[in-house]
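I opened this structure for a first look. My notes follow in the order I made them.

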Amino acid sequence: MIPQISTLDSKHQPSEAALISLRRILKAVEANSRSLARDTSLTPSQLVVLKELSVRDGAQPSELAKAAGLKQATISILLDKLQARGLVLRNRGDADRRTVMVQITPEGRLTLSGAPDLLQAEFGTGFARLPEWEQAYINAALVRLVSLLGAADIDASPVLDVGNVTDLPETPGEAR
């Protein structure tokens with residue numbers, strides 16, 4: 001059972017209650033991202049890429065982009081950061097030098113093993129437990145909210161992340 005949060009009390013108009021709920025969601029995503037950055041110096045997107053690599057022997061960047069729900073350009077930036085930290089390796093193919101294969105390193109596996117679960121994993125588990133009609137209702141309401149905010153043209157992936165992939169500390173525990 002999902003705990004009910006009362007935002008529709010007498011002191012808030014319905015639009016204000018909706019904005020309060022939206023703000024709570026944004027704060028939860030930001031807090032999760034900051035916690036992950038503090039503990040591992042990874043963004044949620046970087047963690048998703050490491051998780052994808054951990055279940056494969058290797059993958060091409062385009063395969064990673066598709067599996068993680070991210071754009072090719074974003075994957076390239078993420079892989080640059082992960083490689084600079086020694087968490088992944090990129091190797092050119094023997095037969096075709098244009099082909100790049102990415103692999104997680106032992107250091108990457110160690111970092112991954114110490115990382116907390118992502119907020120979207122918790123959300124996905126809870127959302128899957130809802131009846132189909134409620135899932136559809138929530139999705140319809142969110143699509144409508146996106147429209148009301150004029151955000152329909154904003155590109156987004158299914159990774160709950162905030163900020164740029166470049167504004168994290170270089171090492172775990174380092175202040176921003």
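**A pocket, a core and a loop**

I sorted the lining of the second largest pocket: six residues are nonpolar, one is polar and one is charged. I counted Ala, Val, Leu, Ile, Met, Phe, Trp, Tyr, Cys and Pro as nonpolar, Asp, Glu, Lys and Arg as charged, and the others, Gly among them, as polar.

The model is predicted; local features need pLDDT of at least 70, side-chain atom pairs count only at pLDDT 80 or more, and totals for chains, interfaces and linings use all residues. Residues are numbered from 1 along each chain as its sequence is written, and side-chain values use heavy atoms, without hydrogens and water.

I then listed the lining: Val-48, Lys-51, Ala-68, Leu-118, Gln-120, Ala-121, Pro-158 and Val-159. Two or more of these residues come from each of α2 and α6 (119–129). Domain 1 (29–116) and domain 2 (117–152) both contribute to the lining, so the pocket lies between them. The domain bounds come from an automatic or database domain assignment.

Of its 24 residues, Val-49, Leu-50, Leu-53 and Leu-64 touch the most other members. α2 gives the largest share, five residues.

Last, I checked Ser-41, in the loop between α1 (14–40) and α2 (44–54). Helices are DSSP runs (H or I, at least four residues), numbered from the N terminus. Ser-41 has a positive phi of about 60° although it is not a glycine. At 3% relative accessibility, Ser-41 is buried (under 20% relative accessible area, 1.4 Å probe, protein chains only).

Technical notes
Buried means under 20% relative accessible area, exposed over 50%, partly exposed in between (1.4 Å probe, protein chains only). On a 1 Å grid over the protein atoms alone, a cavity is a set of points where a 1.4 Å probe fits but cannot get out, and a pocket is an open set with protein on both sides within 12 Å along at least five of seven lines; lining residues have an atom within 4 Å of a point. A nonpolar core is a set of buried Ala, Val, Leu, Ile, Met, Phe, Trp, Tyr and Cys residues joined through side-chain atoms within 4.5 Å.
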